[in-house]
Amino acid sequence: TGVQTCALPICLRQLLDSSVIFDDDVLVADVLAIETSPAARQIVVNKGSNHGVYVGQPLLDAHGVIGQVSEVGPFSSTALLITDPRHAIPVIVNRNGLRAIAVGSNRADKLELSFVSTNADVAPGDLVVTSGLGRRFPAGYPVGRISSIDTRAGESFIEVVVDPSGKVGQSREVLLIGPRPIQLDNESISAVTN
């Protein structure tokens, strides 16, 4: 299975047209600004609350997950990129279902898997995808591939470095994946709990 290469907007449109991939609502947004300093790695997109965007909403490009919305204005939103050290996302190793948390690292183009035990079955090249835990990111979207594993003597955990699938900080268009989490009023909560 070779990797298809094409102009990003065309790939995004093809991805969007593949309705079989998405069980969720999608919204295409243009990237207005990119900040990739050591202190913050984020982007600004041209969709906001007037378009139905909400805090926590996942962002993808044509290749995989790139972040989630952290601030929303009426006409634009800011999204934290998955490589930002403040970002964490529940993932699984696609080959065997091993669960982990992918966090941003001090390196601008890398992720790390947290708390992976020394006897875990992981290998370079393994695909890491969203697990669906936490209900922020739907399950099964590509996050990245393991690029290196470092085992240190006397440590309980290994260092697992992941190359993001998405073109983090390089995309001109992104997909915002919905739907908005359901908000229950007191009457609905009472009906569910009784």
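Val129 has Pro142 of strand 10 as its bridge partner. This model is predicted, so local features need pLDDT of at least 70 and side-chain atom pairs count only at pLDDT 80 or more, while totals for chains, interfaces and linings use all residues. Residues are numbered from 1 along each chain as its sequence is written, and side-chain values use heavy atoms, with hydrogens and water left out.

Strands here are DSSP runs of E with at least two residues, numbered from the N terminus. Strand 9 and strand 10 run antiparallel and are joined by 3 bridges; two strands pair if DSSP finds at least two bridges between them. Strand 9 is also joined by 3 bridges to strand 6 (residues 88-93), again in an antiparallel manner. There, Val93 has Val128 of strand 9 as its bridge partner.

The loop between strand 9 (127-130) and strand 10 (142-150) holds Ser131. Ser131 counts as buried because its relative accessibility is 17%, buried meaning under 20% relative accessible area with a 1.4 Å probe and protein chains only. The side chain of Ser131 reaches the backbone nitrogen of Leu133 at 3.2 Å. Beyond its neighbours within four places in sequence, Ser131 is in contact (heavy atoms within 4.5 Å) with Pro90, Val91, Ile92 and Ala139.

Elsewhere, 6 strands close into a barrel in the order 1-2-5-4-3-12, with antiparallel pairing. From one strand to the next, the twist averages 45°, where axes are lines fitted to C-alpha atoms and angles run from 0 to 180 degrees between N-to-C directions. Strand 4 (residues 65-72) and strand 5 (residues 77-81) run antiparallel and are joined by 5 bridges; Val72 stands opposite Ser77 of strand 5.

Methods:
Helices (H or I, at least four residues) and strands (E, at least two) are DSSP runs, numbered from the N terminus. Buried means under 20% relative accessible area, exposed over 50%, partly exposed in between (1.4 Å probe, protein chains only). A polar contact is a pair of N or O atoms within 3.5 Å; within protein, one must be able to donate a hydrogen and the other to accept it, and residues adjacent in sequence count only if both atoms are side-chain atoms.
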